[in-house]
Amino acid sequence: MRPVRHDDLSQLVDLAKQFNLLNLPGDKKVIGEKIDRSEQSFAGKLTKTQSEYLFVLEDVEEKQVVGSSLVLAKHGNDEVPHSYFKIFKRDHFSQDLGVGFIHQVLRFQLDFDGPTEIGGLLVDKTYRRRPEKLGKQISLSRFLYMGLYPERFEDRVLCELTPPLTDEGRSEFWESLGRRFTGLPYQEADLLSQSHKEFIESLFPQDDIYLCLLDAKARLVLGRVGEATKPAQHLLESIGFSYLDEVDPFDGGPHYGANVSQILPITQGRRLKVAEFKDASYKEQVLVATTSEEFRASLASVDIRDHEVALAPKVRQLLGVELGEEVYMSPFNYNRGK
């Protein structure tokens, strides 16, 4: 796992075309701009509001980019706020009838001092279901970078998960709500929202929206995670993320979040010195990252003793680290719910 480079452009475009992610579309111009922004972000040339870090997973033997993940250092500011629906409960009780109801309502919110956001998680379809768990590797490795450079990110981290969509890629939630207030089809509105937020604030209702008034199909998908996204949901939950009772204003997809102090790959990350043990036993599996300017990370079996760690020569070569140098590492496996 490493930062994206300009010579990754064509391979990354091909990878993105396998999917349909809004924050990483299969468009050469858009991805070229993201690579530019990422290189400047890693070099520390952009403000936190502008910074966007794009990581890629490389098959070094095939010299092929087979995965990606993204971190937006700050999602939501005075110029482009982060928008979402917060879900609240409201009690109604009638003395005359002696009955009451607890209604769920949606309340439109804008965040002008938003969190760090993670997204852009892709793994080449031919590399999925491999024993190395490549999706988990590229997802977790970005937290090692965040652990190394906490000042570059916010104290809160957000992930917007994809809800169930129809076979045609339509959102039942959008059809029932958003389209009635904007007149736009789902794909067009979601794409437009990547660069323009004004229409959301101007056209969306500011008053509470009672869920019981929405179509049954829309209520059914609200806050739910699509089948293809469930592995990502379970991984996030295992490292400290939880559902925020917030949903995307376009498709009703759930927002998961955590404070940095709760994210296990960061809180359990530590710096160790690379050593060589005569009787090394590589039994513990961890993610290891370089602490130099050129960030690289890899899944590795290691032998940890006190403040030192033994890495297999091949891993040292892959990461470009020498004996005596410092590396940063974090567990690869977590006990969910603990």
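Predicted model: local features only at pLDDT ≥ 70, side-chain atom pairs only at ≥ 80, totals over all residues.

Reader: Is G44 buried, partly exposed or exposed?

Author: G44 is partly exposed, because its relative accessible area is 46%.

Reader: How far is the C-alpha atom of G44 from that of R152?

Author: The separation between the two C-alpha atoms is 8.8 Å, although G44 and R152 are 108 residues apart along the chain.

Reader: Let us turn to charged pairs. How many salt bridges does the count come to?

Author: The count comes to 22 salt bridges. One of them joins the side chains of E33 and K29, with an N to O distance of 2.8 Å.

Reader: Where do E33 and K29 lie relative to each other?

Author: Both belong to helix α2, and they are separated by about one helical turn because they are 4 residues apart. E33 is partly exposed, with a relative accessible area of 36%, whereas K29 is exposed at 60%.

Reader: What does R37 pair with?

Author: The side chain of R37 forms a salt bridge with that of E52, at 3.0 Å from N to O. R37 belongs to helix α2 and E52 to strand β2, so this pair ties together parts that are 15 residues apart in sequence.

Reader: What is the partner of K86?

Author: The partner of K86 is E246, and their side chains meet in a salt bridge of 3.6 Å, N to O. K86 is part of strand β4 (residues 82–94) and E246 is part of strand β9 (residues 242–247), so the contact ties together parts that are 160 residues apart in sequence. K86 is partly exposed at 21% relative accessible area, while E246 counts as buried at 11% relative accessibility.

Reader: Which residues do salt bridges with shared partners join into one network?

Author: That network consists of K48, K74, D113 and E154.

Reader: On to pockets. How much space lies in the second largest pocket?

Author: The second largest pocket holds about 810 Å³ of space. Its lining comprises 25 residues, and those nearest its centre are E58, D59, V60, S298 and L318.

Reader: Which elements each supply at least two residues of that lining?

Author: There are strands and helices among them: β2 (52–59) and β13 (297–305), together with α3 (134–148) and α11 (313–319), each supply at least two lining residues of the second largest pocket.

Reader: What forms the nonpolar patch on the surface that has about 320 Å² of accessible area?

Author: That patch is formed by L97, V99 and F101, and the area quoted is for these residues together. F101 is found in strand β5 (residues 99–111). With 52% relative accessibility, F101 counts as exposed.

Reader: Finally, how many disulfides does a search of the whole structure find?

Author: The search finds 0 disulfides. As for cysteines, C159 counts as buried because its relative accessibility is 8%, whereas C212 counts as partly exposed at 44%.

How values were computed:
Residues numbered from 1 in each chain as written. Heavy atoms only, no water. Disulfide = S-S within 2.5 Å. Buried < 20%, exposed > 50% of the residue type's maximum accessible area, 1.4 Å probe, protein only. Patch = residues over 30% accessible without salt bridge, like charges linked within 9 Å, V, L, I, M, F, W, Y side chains within 5 Å. Areas by Shrake-Rupley, 256 points an atom, 1.4 Å probe, with all protein chains shown as cover. Salt bridge = Lys/Arg side-chain N within 4 Å of Asp/Glu carboxyl O. 1 Å grid on protein atoms, 1.4 Å probe; cavity = no way out; pocket = protein on both sides within 12 Å on 5 of 7 lines; lining within 4 Å. Points joined across faces, edges and corners; volume = space filled by probe spheres on them.
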